[in-house]
Amino acid sequence: NLEKVTIGGGVTTIQDGAFKNCVNLAEIICKAESAPALHASSFENVPAECVIKVPAGSVEAYKAATNWSVRADYIIAYEE
């Protein structure tokens with residue numbers, strides 16, 4: 001039933017399957033300036049249109065990062 005999650009700025013790795021099958025997840029806020037290491041299955045079965053909000057200065061880096069890039073169209077800057 002998870003619909004929104006905030007990942008803290010100190011997170012460096014998102015584990016394998018961390019959000020697997022979270023079919024109601026609509027928004028992820030990731031406060032880390034550098035894209036955490038992300039396993040290919042961390043967001044398995046999360047809706048494709050789930051928005052990922054990251055620090056404004058990090059948007060392009062997230063879009064290019066390994067395994068984040070498959071969701072590049074939904075990575076945007078968040079406002080604090």
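Lys4 has Glu27 as its bridge partner in strand β3, where a strand is a DSSP run of type E with at least two residues, numbered from the N terminus, and a helix is a run of H or I with at least four. The model is a predicted one, in which local features need pLDDT of at least 70 and side-chain atom pairs count only at pLDDT 80 or more, while totals for chains, interfaces and linings use all residues. Residues are numbered from 1 along each chain as its sequence is written, and side-chain values use heavy atoms, with hydrogens and water left out.

The pairing of β1 with β3 (residues 27–30) is parallel and extends over 4 bridges; two strands count as paired if DSSP finds at least two bridges between them. On its other partner strand, β5, Glu27 is bridged to Val51, and β3 and β5 pair in the parallel sense over 3 bridges. The pairing of β5 with β6 is likewise parallel, over 3 bridges, with Ala77 in β6 as the bridge partner of Val54.

Together, 4 strands form an open, parallel sheet in the order β1-β3-β5-β6. Its edge strands are β1 (4–7) and β6 (75–77), each of which pairs on one side only. A right-handed β-α-β unit is made by β5, α1 and β6; right-handed means that, with the strands pointing away from the viewer, the path from the first strand over the helix to the second runs clockwise.

In a regular strand the side chains alternate between the two faces of the sheet. In β5, Ile52 and Val54 form the covered face, and Val51 and Lys53 the uncovered one.

The largest nonpolar core has 20 residues, and those with the most contacts inside it are Phe19, Leu25, Ile28, Phe43 and Trp68. Such a core is a set of buried Ala, Val, Leu, Ile, Met, Phe, Trp, Tyr and Cys residues joined through side-chain atoms within 4.5 Å. The elements giving two or more residues to this core are β1, β3, β5 (51–54) and α1 (59–64).

Cys30 lies in strand β3 and counts as buried because its relative accessibility is 0%. Beyond its neighbours within four places in sequence, Cys30 is in contact (heavy atoms within 4.5 Å) with residues including Ile7, Val54 and Trp68.

Technical notes. Buried < 20%, exposed > 50% of the residue type's maximum accessible area, 1.4 Å probe, protein only.
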